[in-house]
Structures are given as C-alpha cells and as structure tokens.
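Please look at the sequence and the structure together, and follow the strands, the helices and one of the pockets in turn.

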Amino acid sequence: MRTLTALAALAMLTACQAELAGAGPRGDAGLPPGDGGSEHEMPEPEPEVCFVPDDLGTSSERLTIGEAVGSACSTSVVRALSEQLVQEIQCLRPGSMARIDDIPNVRLGSATFPWMQRPAADALRAATSGGGTLSLNSTLRTLPQQYLLYRWYRAGRCGISLAAAPGRSNHESGLALDTSDHAAWRSRLEARSFRWLGGSDPVHFEYVGGGTVDLSGLSVLAFQKLWNRNHPEDLIDEDGLYGPQTEARLARAPSEGFPIGARCDEPEPEPEPEPMPMPMAARLVIDWRLESGTYVLTASTPEATERVEYTIDGRVIGTAIRAWGADFAMVAGTCEDHETHVVEAIARDAASAELARAVGLLEASGGTAIAIRPRGASTYEITLERAASEVAALEVEVDGFVLTDEVSGATRSERLAVRYTFTTLGARTFVLRSLDASGGVLAERTLTFELR
C-alpha cells in the first residue's frame, strides 16, 4: 500500500509528539482515559496534526484479485491470501497440511506455493532423503491462485495455454507436484506412492497413498469463512460450494490477505435475530483499519457509486473513485490525541448526485481505540479495538438502556463489539464499559454521538 509522503508523515509525527508531550498517561484497562464521563469538546481541525489528506489517492498496489487479473502474471501476488486460506483449512481439519520448503533436498520455484497435504509431504520427504535435488515447479494451488490462472487462460494473458476452472484442478488437492526432472526422479517418487501421469502430462505426479482428505470443498469453505469474518455486512453461504456468490467475492478479495485471518477457536455462529424494521433506506457502510500507524478508510456502497468523498470533523480528507478499487479505499494519517472524531462518507454516482451517506465516530489512538461504525439503515456497531489482554467483554449502555449484541445475543459481548439497530436516531449518550472475566468493570467511557 502506498504510505503518506515523507513531508506529510514528518509533519504529522512532529505535531503528534508536541501534543503528546503534555498528555497524561494512558489507562491500561482497555479504554482510553476520559474526563470523568463528560463529552469531549471537539478541537478545530488541524490538518498537520491528526488526519492528513491522501492527495495521491489509493495505491494501485492494494489490488483485489479481480484487479490482479489485468495487472500481474504471477500467482505470487496472492501468496499472503493463500497462506491465510491454508491456515483456515488447518483450523477446519487440524494437521491436514504441511510445509515442504523445509525439506532439505527439495528446491521450489519462485512462484511455487510451499504446502501439500501432510501424507504427500511426508512421502516427498522420504523420496528425496537419498540425496540429490528435486526441483518443483508447482505443488498446491489455492482457490485464488487457480482463479488467476483460469482467468489469464481465458483472457489469453501471461502465456497460459491451458488451465482448469477453480475447483477442477488436480493441484488444488494438495497431492500433486510438477517437476521438469521427471525422468530422473520417476522411480523414487513412484516408490513412495506418487503416480506418474505419463506422456500426456510428463511433469505431473500425484500422491495416491492413504490418509488424505478432499480439499476441494474445504478450500472453498475456508475462503467463505474468511470473507464472512471480514464482511459481516455481506455474508455468503458457508456451504463449501464454488458458485456465483463465492466467485464474485473472490474477485473482490484483497490479494494481500484479509485484515482478520484464520481463527481456529472461533465458536459456531448463533442464528441471526429476526431483523428489526428499518425506518430508513439502506445506506453505505464505512470501515477503517489501522495499518502501520495509518488509518485506511473504506466503504461498501450502492452499485451505481462512482466516487466516495470522505470528511473527518467536517474537513475533506479526499475522494476515492471506483477505478481505484471496489472498496473505495482512502489513506489518512493518525495521532494519539485521544479525542473523538466524526467520520463521514458520501457516495455519488457518475453525475455527482448523492446516492447515500454514512456517519461514524472514531476515538483516534495508536493504542486502544473506540469506534461507532454505521452498518446499514439505523444499524451501528460499537467496538473496542486493540484492548488490553485483561479485557474479556464489552458492555454498551445507551441512554440508560443496556444494548444486546445482535450478532452474539449477549449484553456482555466477548467479541468486544456490539451491533444494534436503533428505532430512534438523533443525539444519544453512550457508556462503554470494559469488563474482566468475572464481569467486573475495568474502565468506563461516556460520550455523545448523533445517530443519523
């Protein structure tokens, strides 16, 4: 991702250091220190202090997989996402996969993904233990890697003369390997249960021994779980089937991997509650995440959106256009001022007509942060991010009423986020409490925010 320019970063760092020099110590219980419950007075916007406009827009290096089809010719571009998928498969079927880049006598090509199913990896280690160097051109191909190969083949790009559709390649099984040294290694590989495909595909061997699993459904299911974990506003079926909805999300997935990766201890999701009546038309959704000390703003927008304008505390940060990516990403700086900041996004069509807008709140901090994010018409998610280790749950009270998280069904949310659909908008008083494992209050923060 493109970072801030050197001058902008220097100005931001200098100003933040000056401001922090007189700041008091941070609380260590999971919430930033407050002022005894009173609302912060918003400071005048100072571009050189907190958020720096992204004058150059979004970096072209932040590619979705769909964008990588036309701008890359190596499956290495999705290596980080592929690693996340393998780790998610390991969560679904523990111990089923093993790395092969630690086998002494195996040499991998630059784009060769270093994973196979464990029985195949063990057989490969045994086959090469007698000495010599086996060079591998291809082993496991993950779902996004096969997607790229197939799209390049269909588009006549990158010299790909033939590629199977996602879900139909032998290499997606984690049992296949390709080597140009097939003649020299054939007997040793066959002795370890690798079947040679013969003259039709002389470089190809496939492990046919026991102890393997069917990865085709697991690979798709792993992607579906990763997508849903990172896009609760756009859930897809977790059925392990590669269909139109999975293919569409795969094209929109970030090539550098999702912000939230594999989770082996994730509980089974509880059934979604019955939706509450929506008094307003659906609006866009704003997200932001902290990357290397810099906030990245993104938006999920109506289909006709061509650009999204971002403001913080009423000051324009920048405009992201569709050509930069479907998530309309925009980079902004940050500093540890412990103040609340109003984040607003406006979606516009090709004629500059307003399609939708959303307003959220961020208590900017390099450590623990508080966020109120719009999640659709009248629905907001209140989150405590990067909390201290002793924080076990978050409780949110609004105007004296304790909210029930619509995702978990709990009033004390162990996911440190509470999603709620409000029937009454306008200025509301929020009380956020971080709780320890026994339910004791570690810290409390009170703020006022106008729901719109």
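In which sense do β5 and strand β7 pair, and over how many bridges? β5 and β7 (residues 204–207) pair in the antiparallel sense, over three bridges, where two strands count as paired if DSSP finds at least two bridges between them, and where helices (H or I, at least four residues) and strands (E, at least two) are DSSP runs numbered from the N terminus. This is a predicted model, in which local features need pLDDT of at least 70 and side-chain atom pairs count only at pLDDT 80 or more, while totals for chains, interfaces and linings use all residues. Residues are numbered from 1 along each chain as its sequence is written, and side-chain values use heavy atoms, with hydrogens and water left out.

Within this pairing, alanine 176 has glutamate 206 in β7 as its bridge partner. The two strands belong to an open sheet of three strands, ordered β5-β7-β6 with antiparallel pairing. Because β5 (176–178) and β6 (194–196) stand at the edges with a single partner strand each, one side of each is left without a neighbour in the sheet. The twist from one strand to the next averages 30°, with axes taken as lines fitted to C-alpha atoms (for helices over the stretch in contact) and angles running from 0 to 180 degrees between N-to-C directions. Helix α6 (residues 182–190) packs on this sheet and touches β5, β6 and β7, its direction making about 135° with that of β6; contact here means heavy atoms within 4.5 Å.

We turn next to a pair of helices. The axes of α5 (residues 143–155) and helix α8 (residues 244–252) come within 11 Å and cross at roughly 90°. That makes α5 roughly perpendicular to α8, a class that covers angles of 65 to 115 degrees, whereas those under 35 count as roughly parallel, those over 145 as roughly antiparallel and the rest as oblique. Leu143, Pro144 and Tyr147 in α5 meet Glu247, Leu250 and Ala251 in α8.

A second sheet remains to be described. Seven strands form an open sheet in the order β11-β10-β13-β14-β15-β16-β19, with antiparallel pairing. Its edge strands, β11 (315–321) and β19 (417–421), each pair on one side only, and the twist averages 15° from one strand to the next. Inside this sheet, strand β15 (residues 369–374) is joined by six bridges to strand β16 (residues 379–385), the two running antiparallel, and alanine 371 has threonine 383 in β16 as its bridge partner.
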